[in-house]
Protein chains: 2
Amino acid sequence: MAPAGRPKAFDETAALEAAMAVFWDKGYDGTSVADLVTAMGIGRQSLYDTFGGKRNLYLRALRHYGERAVASTLDVLTGPGEPIDRLRAVFQNWAEVQACPDCKGCFMAGALAQLDRKDAEVCALVDDLQQSLIDAFASAIAQAQSVQQLRDDIDPAEMAVMLTAVGHGLALAGRAPSNGTTIPAGVRATLALLGIPIPTL
Amino acid sequence: MAPAGRPKAFDETAALEAAMAVFWDKGYDGTSVADLVTAMGIGRQSLYDTFGGKRNLYLRALRHYGERAVASTLDVLTGPGEPIDRLRAVFQNWAEVQACPDCKGCFMAGALAQLDRKDAEVCALVDDLQQSLIDAFASAIAQAQSVQQLRDDIDPAEMAVMLTAVGHGLALAGRAPSNGTTIPAGVRATLALLGIPIPTL
DNA sequence: CGGCATCCAGAACGATTGTTCAAAAATATA
DNA sequence: TATATTTTTGAACAATCGTTCTGGATGCCG
């Protein structure tokens, strides 16, 4: 049953994504609630009623990012197609996303770097996302190895850790102004090192 | 000629390193000048007289980090010994440093992630440090390739970008609580992928 | 219609921020 | 000793922060 009263005049997830964009761009401490309300296009009171304050809003934005961006690469890794093609697709996608001039890196990586490590809630959330990424990588790697598409002298779990580290490192480099040339170079070297043929990048 | 007057009662570089530790741990926005003066053990006025405020102090801490930590791995990369041994030494050193329980990752990586990208001064400083790291890696890689210690089918510059990305990614992961197992795993996979034999890690 | 839930605008809250001012105490050089 | 410079302590600055309160307008439900 719908509650009696005036319905929300704004799309909650749209507002959440707007907030995520601001946090993504300026970091947690760098964004004020004034920035948020103008970017989200809602009143300050609505922000507190709906999201419960700045910190809760940030946590929701982080979860939303996990359900969107992380889940999308998760889908690619566990999707159909040859396992080696899925691995290549992930890195190619990352290269495209991160090399754009106004790229802001990875929201999760930024959260990992700038948030208080003693904040248990954020640490747990980020750890979960990162672990699910590593697991998906590991299983795709194991599949590729089992069909002789990838050298099998390296433990899939350890290789998965390394590949996510590459992703995070490139996402960090994506914040620098010179990302247009460094990101594709890093992706190219990674794929070459894995023995994955590259069409053109 | 020494200036007439009461000499400084504190060691300037020691205070700078204390400030760097705080910035390193809590980030720029996360540290207040009150945190700084207590950690540095000096008066608030002395901080402004000697370092010229919070922002200048942060810039000096960043430069100091560049002259210490970055320069030390630079020395290893360009130092004596077989080129492949120097590459391995760098990663082993990183693994040791980052896997300790209270590791704070890489100061430069943190600066890259949390500082305003529009801050030209910080961007230029970090870019310089990163580029010098990449260059040192590239030349060590090229040397290793020229003596058949490393596969030579990959461009040294691109491989260097990838390796620094791995370093930054692992430094980011080093901030997470589970760094004790993930960091050595990532380093192991990286060295194995390069075909560098690993003693025991 | 009448109550309820939401919206917006704006003022105000206390707390903390980075920074500066002021005066007394300390120690070097001349 | 006298002068100059720095140190320390403590107070105060204006600005911004996240948050809450107030009031009035709006629209769905029963």
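**View 1. Leu59(A), Leu62(A), Arg63(A), Gly66(A), Val70(A), Leu74(A), Leu77(A) and Thr78(A) of H4(A) meet Glu121(A), Leu125(A), Leu129(A), Ser132(A), Leu133(A), Ala136(A), Phe137(A) and Ala140(A) of H7(A).** The model is predicted: local features need pLDDT of at least 70, side-chain atom pairs count only at pLDDT 80 or more, and totals for chains, interfaces and linings use all residues. Residues are numbered from 1 along each chain as its sequence is written, while chains are lettered from A and ligands numbered from 1 in the order in which they are written. Residues are in contact if their C-beta atoms, placed from the backbone, lie within 7 Å. Helices (H or I, at least four residues) are DSSP runs, numbered from the N terminus. By class, the contact of H4(A) with H7(A) has 11 nonpolar, 3 polar and 2 charged residues; Ala, Val, Leu, Ile, Met, Phe, Trp, Tyr, Cys and Pro count as nonpolar, Asp, Glu, Lys and Arg as charged, and the others, Gly among them, as polar. H4(A), residues 54–78, packs with H7(A) at an angle of about 5°, their axes 10 Å apart. The two helices H4(A) and H7(A) are therefore roughly parallel (angles under 35 degrees).

**View 2. Helix H5 (residues 83–99) of chain B packs with helix H7 (residues 120–146) of chain B at an angle of about 140°, with axes 8 Å apart.** Pro83(B), Ile84(B), Arg86(B) and Leu87(B) in H5(B) meet Ala140(B), Gln143(B) and Ala144(B) in H7(B). This contact of H5(B) with H7(B) divides into 5 nonpolar, 1 polar and 1 charged residues.

**View 3. In the interface, 40 residues of chain A are in contact with 39 residues of chain B.** On the side of chain A that touches chain B, the elements giving two or more residues are helix H6 (107–114), H7, H8 and helix H9 (179–194) of chain A. H8(A) provides the largest share, 14 residues. This side of chain A comprises 20 nonpolar, 12 polar and 8 charged residues.

**View 4. Arg151(A) lies in the loop between helix H7 (120–146) and helix H8 (156–173) of chain A.** Arg151(A) is partly exposed, with 13 other C-beta atoms within 10 Å; residues with 20 or more such atoms count as buried, those with 12 or fewer as exposed, and those in between as partly exposed. The C-alpha atoms of Arg151(A) and Ala176(A), 25 residues apart along the chain, are separated by 33 Å.

Note on methods: Two residues are in contact if their C-beta atoms, placed from the backbone, lie within 7 Å. Axes are lines fitted to C-alpha atoms, for helices over the stretch in contact, and angles run from 0 to 180 degrees between N-to-C directions. Angles under 35 degrees count as roughly parallel, over 145 as roughly antiparallel, 65 to 115 as roughly perpendicular and the rest as oblique.
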